Amino acid sequence: MTDNINTVREPLIRIAKRGDIKRGKAVMLYTFSVLFAIVIGGIFISFIGVNPFRFYTEVFLGCFKSRIYFFGLIRTIMPLLITSIGISFAFKMKFWNIGAEGQFIIGAVCATAVGLFLADSLSHWLLITLMFVAGAVGGGVYGLITAVFKVQFGTNETLLTLMFNYIALYIVQYLTKVDGFRVEGSRPGIKVFSANAWLDQIGGIDITIIFCIVIVFAAFVYFRFTKHGYEVMIVGESQNTARYAGMNVKKIVLRTMFLSAAIIGVAGMFQASGSATGHQLTVGITGGVGWTAIIVAWLAKLNPFGILAVSVLMGILKKGSEVANSSLGVSTAVSDILQSIILFSVLAFDFFINYRVIIKPNKFTKNIKIALNKLGKNFKRCRPISADGTEIAVNNAYTDIEAKSYSVLLEDNLTVNNDNPSETQEEEK
Amino acid sequence: MNTIINFLFSAIKFGTPLMLGTTGEIVTEKSGSLNLGIEGMMAMGAIIGYIVAARANDLFLGILCAFLFAAFGALIFAFLTVTLQANQNVTGLALTIFGVGLYKFIGQSLMVSGKYPAMKTALSNMIAEKPLPLLGDIPYVGKLLFSHSIFVYLAVLICVMFWIYLKYTKTGLKVRSLGENPAAADASGVNVNFMKYIHIIMGGGICGIGGLYLALVVNAGGWNDYWINGFGWISIALVIFASWSPMKAIFGSIIFGMFKALQIRSGDLAHEFPKVLGWLQSIPADFYQMLPFVVTALVLIISSMRKKKEGAQPAWCGVNYYREDR
Amino acid sequence: MTVNYKETAIEIKGITKTFGEVIANNNIYFTVKRGEILALLGENGSGKTTLMNMLSGIYKPDKGSIFVNGKEIIIHSPEDSKRFGIGMVHQHFKLIDIFSAADNIWIGVKEKKYALKEKLKSISVSEKNKLEAFFVKGGKVVAEFGKYFIAKIPSLFLTRSRYKRIKEVSAKYGFEINPKKKVYDMAVSEKQTVEIVKVLYYGADILVLDEPTAVLTVQEIRKLFEVMRKMREKGCAIVIITHKLNEVLEISDRVTILRKGECVGTVNTKDTSVSELTELMVGRKIELSIEHPECEKGEALLSVNNLTVINSEKVKALDGVSFNINEGEIVGIAGVSGSGQRELCEAVAGLQKIEKGEIQYRNENITGKTPRQIIDLGISMSFIPEDRLGMGLAASYDLVDNMMLKSYRKAKGIFVDRKSAAKLASSVVKRLDVVTPNIYTPVRKLSGGNVQKVLLGREIDGNPHLIITAYPVRGLDINSSYTIYNVLNEQKKNGVGVLFIGEDLDVMLELCDRIIVLCHGRITGGVNAKEANKEELGYLMTNDLTEDKGGKANDGQH
């Protein structure tokens with residue numbers, strides 16, 4: 001029965017779960033993955049006949065060329081940042097809220113209703129505050145509905161929040177034709193707010209920026225220091241642990257989802273009332289922020305300051321691609337492509353955080369080993385893997401080369417197993 | 001009578017891309033992966049398939065390219081989730097953003113440079129909605145069922161083929177076992193990763209054909225930013241409506257096609273039957289556009305309320321399988 | 001196949017397997033011969049299942065080699081293992097619930113290869129004329145291809161014949177299964193039968209059964225043993241994993257004993273005895289010298305009355321359990337794992353729905369109360385669950401965050417009090433010698449013993465009156481285990497009642513005051529630890545009430 005089977009055949013590559021990875025190494029790995037994505041993006045760009053170096057210069061520096069571009073950049077980042085922070089609340093407890101687009105829109109719609117109908121009867125600050133509250137409650141309730149079904153029946157929240165995105169989109173599209181909201185004239189559209197409902201500005205930038213700074217710190221404090229934040233963390237980690245600790249899981253999920261959606265709704269209110277859209281609710285008010293925010297939150301590993309950094313990066317990509325559009329004629333959609341390539345790349349590199357790739361020694365790997373050792377000597381930082389307690393390869397027959405290490409991070413990751421030191425030395429002589 | 005026939009005809013017309021998208025996703029989910037990237041894969045298949053079809057003036061080549069490029073998107077998904085164990089939700093969303101981004105990018109670039117190909121008569125004749133010989137002459141039924149674009153028959157054929165494949169073949173049995181319990185399939189000697197790859201890729205490719213249909217038949221090749229416009233997402237939800245059966249997907253798609261058809265035909269219907277359906281006209285068009293999403297949301301909620309063992313989501317759908325996990 | 005008795009079926013040489021830092025198998029040597037039943041004996045966590053999973057292709061060994069029929073092989077996947085004729089019946093059945101029995105078997109069935117190549121080669125042509133011969137040969141080739149495809153088509157589809165074929169094969173081995181029955185409608189023993197028929201259908205002649213008797217009744221066990229003997233006569237090699245000594249003696253020819261991942265010996269069944277096996281399995285009886293302070297028994301603390309629980313798998317996990325715990329005593333619960341210990345703990349802690357019965361804490365009825373309500377009643381009860389990282393702690397968070405898991409609500413205002421949590425963390429680290437880089441290390445990075453110390457440290461900080469611990473020393477080294485015992489004794493001296501769920505009977509006899517034995521969710525006896533011995537407990541653990549009913553015939557066999 002077993003006669004015609006080649007019985008002894010070692011696999012070339014095998015994969016094992018990794019215990020832990022050092023923080024520095026992880027950061028290196030992620031940085032590298034972003035660079036990798038940018039290189040892939042560059043290849044893509046050159047593929048369509050544009051010099052990738054010029055393109056990237058345009059993208060990364062274009063926003064800083066002039067005051068207008070820079071302000072545009074800030075305007076791009078602000079809603080993205082707030083929405084990402086909002087999403088991170090839900091994601092922290094592993095509630096896959098991808099309904100940010102819808103919650104953003106409904107927040108904006110509720111704020112607009114207040115802004116249009118109460119504009120003349122209230123003082124400026126009272127009006128802005130009321131719009132703020134309307135945006136928060138509107139977005140929050142819209143998100144809460146999905147959460148109720150989730151905790152009550154276990155409805156798939158990913159798809160449900162998604163459907164709510166489109167429902168919200170058509171609600172706002174409908175409003176462009178409704179009297180009271182509708183702009184005078186034949187073309188559909190929603191009225192511009194009267195100046196009373198405009199956001200104030202600081203040095204040409206909407207006061208949204210203050211909220212941005214506040215929300216980043218508030219989110220940090222909420223998760224790090226408050227009881228509620230603590231509960232969210234535990235529920236996200238393990239619902240069993242949460243129940244063990246006497247937490248009311250359902251209540252926490254509902255409360256957090258409301259908060260998440262409320263923050264997103266506020267982002268919608270700021271966007272409608274701010275200068276980015278000309279103080280007006282439009283059908284395309286989100287500009288795809290709800291989608292990008294998912295990428296941002298995920299890339300930042302839900303850390304508020306990380307979200308700040310990543311949303312700046314994504315903002316630069318987006319605004320920069322607009323600059324590149326005007327100067328090089330490259331379509332603005334390139335920013336979407338770059339964003340998703342970065343996300344793909346980081347998702348792929350996550351693998352090396354959690355798993356080790358063990359390559360069977362053969363001629364090729366042996367040569368690489370020797371070359372690496374030589375290189376390593378030059379760097380004077382070559383160390384055998386056994387020096388690193390966590391990475392002792394149990395099987396001497398295997399060489400433990402972490403796939404990422406030998407090609408890229410030569411300096412830091414020379415994790416080569418010297419199981420045949422004599423041989424290696426001979427080669428070097 | 002003609003109004004009703006026209007209405008149902010449109011329902012089938014608009015249901016076809018859903019049919020393909022849903023079948024593609026069913027194949028993917030049955031093999032144990034939840035690919036949220038249907039919208040993206042449809043977009044990739046649509047734009048590239050269209051350009052090739054229009055340039056080469058060849059429908060078959062277009063379908064092939066639509067299939068291959070959407071399959072390429074699915075391959076990215078398969079590599080990340082099956083081999084690299086990445087989160088399926090996030091990977092799927094990334095794929096959507098990537099696919100739609102690519103679609104807009106290619107379309108916009110070609111429009112700007114003026115190289116966007118227009119559909120030639122030979123191609124539009126190939127996909128035209130014309131009656132089949134003999135069958136098309138049957139009164140009413142001929143117009144309703146046998147006067148469609150060749151694509152529609154192709155879609156139904158694909159659905160039926162996959163229905164038979166999943167339900168009545170041995171390989172289909174293996175595929176279903178992957179979605180239900182990959183560990184059991186693995187222990188019985190099924191090559192889990194290989195089978196997952198094949199079916200994710202195949203499912204993605206089918207979605208790509210759905211995208212091409214949207215490009216060629218629904219939008220007649222005219223460029224705009226929203227060829228796909230949520231069809232991919234509805235497909236994912238339709239999978240639940242069809243309870244993971246490609247056969248039911250055909251009917252589900254036609255029902256959802258009706259919502260789309262109401263957008264353009266509600267006026268006719270109201271005009272024809274003022275007493276019964278007169279109210280249709282008073283509803284704004286935006287609500288008709290919203291309708292499929294509202295119904296999908298309701299379907300999601302209702303199907304989560306009743307819990308059944310069979311005809312439910314495969315138990316391991318959306319969960320990565322790593323053999324040595326303890 | 002001619003049966004050559006005493007021909008080696010499987011030989012394992014120097015197998016080592018590690019999971020992260022845990023060594024599951026260390027340098028194991030092991031052989032099974034044809035025509036014998038080998039028992040693989042060992043306590044929970046001694047690495048039996050891991051070892052067999054390497055044979056079945058689920059795990060890959062880090063080191064060592066496997067020989068089948070005297071040939072060295074490498075098993076990449078379960079498919080390979082299947083090809084080599086190895087079939088494993090897993091303890092947790094690998095069956096698909098919504099499939100019928102036949103379909104479950106059918107997913108792995110390989111059709112016989114149609115010998116197309118051979119047939120093509122064997123085509124001979126008699127015509128002399130070259131051109132004529134070419135056409136005749138071509139025609140024959142086409143015909144062969146045609147036959148091939150026609151033969152192939154039916155094998156592509158699922159036909160009704162599969163039910164018949166599976167029925168036939170199972171009948172051949174003396175099994176009775178209904179091939180059309182869905183797995184979710186089956187009783188446990190039926191599921192097991194399907195698993196066995198499955199591996200037999202795949203042509204396995206080396207069978208590995210992982211704790212097959214754990215879920216069966218006595219009658220079913222006897223039937224299974226008969227089948228095993230029959231297969232032995234047919235020349236199969238059978239490995240049965242178990243920790244039940246009486247079964248080992250009854251069924252096996254040889255016994256290989258594992259302890260803590262290492263192979264401690266192989267003996268012939270007929271030359272051995274229960275005491276020798278016990279000694280090999282649990283180790284030479286070392287002087288445990290666990291402190292056993294005598295304490296004044298206080299008032300009744302917890303009384304459980306006629307408790308019945310149905311668990312998530314819809315199985316009666318506890319059936320009419322009654323006992324009580326007094327202040328200042330340690331009550332042990334012994335039993336084979338899965339006898340309802342987890343459900344008992346969780347029911348008392350308020351995490352498990354109670355079907356019937358009553359739980360009283362002093363004068364308070366806490367039946368059906370949530371953990372929150374129990375805390376709000378002012379009851380300070382500590383529960384150290386079996387699943388430390390998945391229930392007792394939040395694995396990705398650091399020691400400080402974990403310290404306030406149960407007490408975070410007590411802080412004033414909306415903020416958590418990390419300062420006192422950090423203080424507590426430091427004091428726990430100091431007091432229990434927790435080995436950790438610092439108190440800001442995620443607990444999942446700590447070793448098993450240190451995780452347990454963190455958990456225990458937190459739980460005793462609340463000055464509980466009642467401590468429930470489930471397998472508190474599982475996976476811990478000797479030193480950490482002693483730390484745990486000392487802490488529990490200390491608490492006992494303070495008048496705390498302790499419910500100790502354990503698996504090491506020696507330890508329980510030394511540590512506990514009373515031992516209650518659970519078997520299949522029922523209490524089969526309660527003994528005073530001082531007067532009891534291991535044999536007595538072992539008897540109670542395996543001889544439950546259901547067994548007593550049909551047990552007479554069983555006794556007759558010995």
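Accessible areas in this talk come from the Shrake-Rupley method with a 1.4 Å probe, and for residues only the protein chains shown count as cover. With that settled, I turn to chain C, which exposes about 25700 Å², with carbon and sulfur atoms supplying 51% of this area.

Before going further, a word on the source. This is a predicted model, in which local features need pLDDT of at least 70 and side-chain atom pairs count only at pLDDT 80 or more, while totals for chains, interfaces and linings use all residues. Residues are numbered from 1 along each chain as its sequence is written, chains are lettered from A and ligands numbered from 1 in the order in which they are written, and side-chain values use heavy atoms, leaving out hydrogens and water.

Let us stay with chain C. Its C-alpha trace spans about 105 × 60 × 45 Å along the principal axes. Its secondary structure comes to 20 helices and 20 strands; helices (H or I, at least four residues) and strands (E, at least two) are DSSP runs, numbered from the N terminus. Of the 558 residues of chain C, 54% count as buried. Here buried means under 20% relative accessible area, exposed means over 50%, and partly exposed lies in between (1.4 Å probe, protein chains only).

How is chain C divided into domains? Domain 1 takes residues 8–85 + 205–282, domain 2 takes 114–162 and domain 3 takes 300–552; these bounds come from an automatic or database domain assignment. The C-alpha centres of domain 1 and domain 3 of chain C are 32 Å apart. As for contacts (heavy atoms within 4.5 Å), consider those in chain C with a separation of 6 or more: residues 24 or more positions apart account for 67% of them.

One residue of this chain deserves a visit. Lys406(C) sits in the loop between helix 14 (399–403) and helix 15 (418–431) of chain C. With a relative accessible area of 22%, Lys406(C) is partly exposed. Leaving aside neighbours within four places in sequence, Lys406(C) is in contact with Tyr244(A) and Ala245(A), and also with Met381(C), Ser382(C), Phe383(C) and Glu459(C).

Ser340(A) belongs to helix 13 (residues 334–354) of chain A and is buried, with a relative accessible area of 0%. Residues up to four places away in sequence aside, Ser340(A) touches Ala94(B), Ile97(B) and Phe98(B).

Next, charged side chains. Side chains of opposite charge can pair when their charged atoms come close. Glu322(A) is partly exposed at 33% relative accessible area, whereas Lys319(A) is buried at 14%. In chain C, Glu7(C), Arg34(C) and Asp205(C) are linked in a network of salt bridges.

We come to aromatic rings. Rings of Phe, Tyr and Trp (its six-membered ring) pair if their centres lie within 6.5 Å; planes under 30 degrees apart count as stacked, over 60 as edge-to-face and the rest as tilted. The whole structure holds 48 such pairs over all chains. Trp163(B) and Tyr168(B) form an edge-to-face pair, 5.7 Å centre to centre and with 90° between the planes. Are these two rings' partners buried or partly exposed? Trp163(B) is partly exposed at 21% relative accessibility, and Tyr168(B) is partly exposed at 37%. Phe256(B) and Phe259(B) are also edge-to-face, at 5.3 Å and 75°, and both are buried. Ring pairs also link Phe32(A), Phe36(A), Phe349(A), Phe351(A), Phe352(A), Tyr355(A) and Tyr322(B) into a cluster.

Helix 11 (residues 231–241) of chain B is mostly covered, with ten of its eleven residues buried; among them are Trp233(B) and Leu238(B). Ser243(B), which follows this helix, has a positive phi near 40°.

Conventions. A salt bridge is a side-chain nitrogen of Lys or Arg within 4 Å of a carboxyl oxygen of Asp or Glu.
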